[in-house]
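Subject: Structure handover

Hello,

Please find the structure below, with its sequence. My notes on what was found in it follow.

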Amino acid sequence: MKYLLQAAGRRGAIYSCDKLVLGFKALGRNAQHLLDWLGGPLAPEFSRWESRRLGTFRDQFSISCTGGGTFWLGVGLNTAGAPDWKAIRLEFNPNKVGDTPEFSRVWSCLVGCTVGRTRLVRWDLAVDFPVPLESCVLVKDRRLYEEVRHSAADRTQYLGQRNTSGRCKLYNKQLEQGLPEPLTRIELTLDLEDSTRERAGELWPVVYTAGAADCSGLNDTDAFILRTLVQAPERINELGRRKRDKLAPLLAASNEPLPFDADAFDAVLRQISGMLWGGNADMVDFVPALGETCPAWGCTAPAHGPELLEGIQCELYGPDGLPGCSE
């Protein structure tokens, strides 16, 4: 498994960032400069399509990277009037494309043609536990529940609405990646407002790892109920009060929830902050280095940025206003 943003958590877990959705604001005409550069000969390979649905982006790009990964770029937010061409959005998985030259080039262009602080729109916290999925039980709560199931080892469970903060996903990472050792992943989608250790802890799903139920001293009926509850602990609320009070302590002893580690969460969040807004030396290997030399002018990005005069071009980084442009 490859991680670029990671922290160690309890029970041998690895915390990482699985997806980042970022918002940018273009300076002046630089959104068009970005589009022009993407249409140039030195741009990465991509597929392009248009959308006119409100709330989506007019020009959308799926950009291919070395190693087979892709990331998405949207330019021009569709509004009730004309598109807002200053609005740019970027969605990518840093573990898959963050260290590729294609992502580095596009990131460099975005840094040079946008103003203000890069806005964190949404991100996915991924937590990998070295336990088999077969032993994991996701407890349903008030969030919308979905499941795609082929077997006990090949199933994906969801809580919450797609692309909204609080969306949870539980699945078999070992099976997905063809790994030799058990690995179960919990993904939690968060927007900026929910990106605190307190709020993330509230949204963290209850996932039990089922152990051996201690049925000693129970009659056959209660032993059967306890074994059933180990696989579906949320059903304990279907029991009467006396039966529930009797079996709840035994159920708690038979299951161990996968913990949320607030310190590991904060460590990943600090790395994201360092990548977006600077000040974190751990991100040096992730943030694309803007030191590439332009073969046409000999400048080093970002040499001038968006203050260039109209018409100045740079063969490496695109038209005026993009990183590295110089006379």
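Of the 327 residues of the protein chain, 51% count as buried, where buried means under 20% relative accessible area, exposed over 50% and partly exposed in between, with a 1.4 Å probe and protein chains only. The model is predicted, so local features need pLDDT of at least 70 and side-chain atom pairs count only at pLDDT 80 or more, while totals for chains, interfaces and linings use all residues. Residues are numbered from 1 along each chain as its sequence is written, and side-chain values use heavy atoms, with hydrogens and water left out.

The secondary structure of the chain comes to 8 helices and 16 strands; these are DSSP runs numbered from the N terminus, with helices being H or I of at least four residues and strands E of at least two. Among contacts (heavy atoms within 4.5 Å) with a separation of 6 or more, 58% are between residues 24 or more positions apart.

An example from the strands is Thr118, which lies in strand 7 (residues 114-129). Thr118 counts as buried because its relative accessibility is 13%. Beyond its neighbours within four places in sequence, Thr118 is in contact with Leu22, Gly23, Phe24, Leu276 and Trp277.

Next, the helices. Helix 8 (residues 262-277) has 16 residues, with end C-alpha atoms 22 Å apart, which agrees with the 22 Å it should span at 1.5 Å a residue; the expected span is 1.5 Å times one less than the number of residues. Since 12 of its 16 residues are buried, helix 8 is largely enclosed by the rest of the structure. Those buried residues include Phe265, Asp266, Gln271 and Leu276.

Helix 7 (residues 241-254) bends by about 35 degrees at Leu247, and Pro249 follows within four residues. The bend is the angle between axes fitted to the seven residues ending at a residue and the seven starting there. The buried residues of helix 7 are Leu247, Leu251 and Ser254.

Helix 7 packs with helix 6 (residues 220-231) at an angle of about 50 degrees, their axes 10 Å apart. That angle makes helix 6 oblique to helix 7, the class left over when under 35 degrees is roughly parallel, over 145 roughly antiparallel and 65 to 115 roughly perpendicular. Axes here are lines fitted to C-alpha atoms over the stretch in contact, and angles run from 0 to 180 degrees between N-to-C directions. Residues of helix 6 including Ile225 and Leu229 meet residues of helix 7, among them Leu247 and Leu251.

Regards
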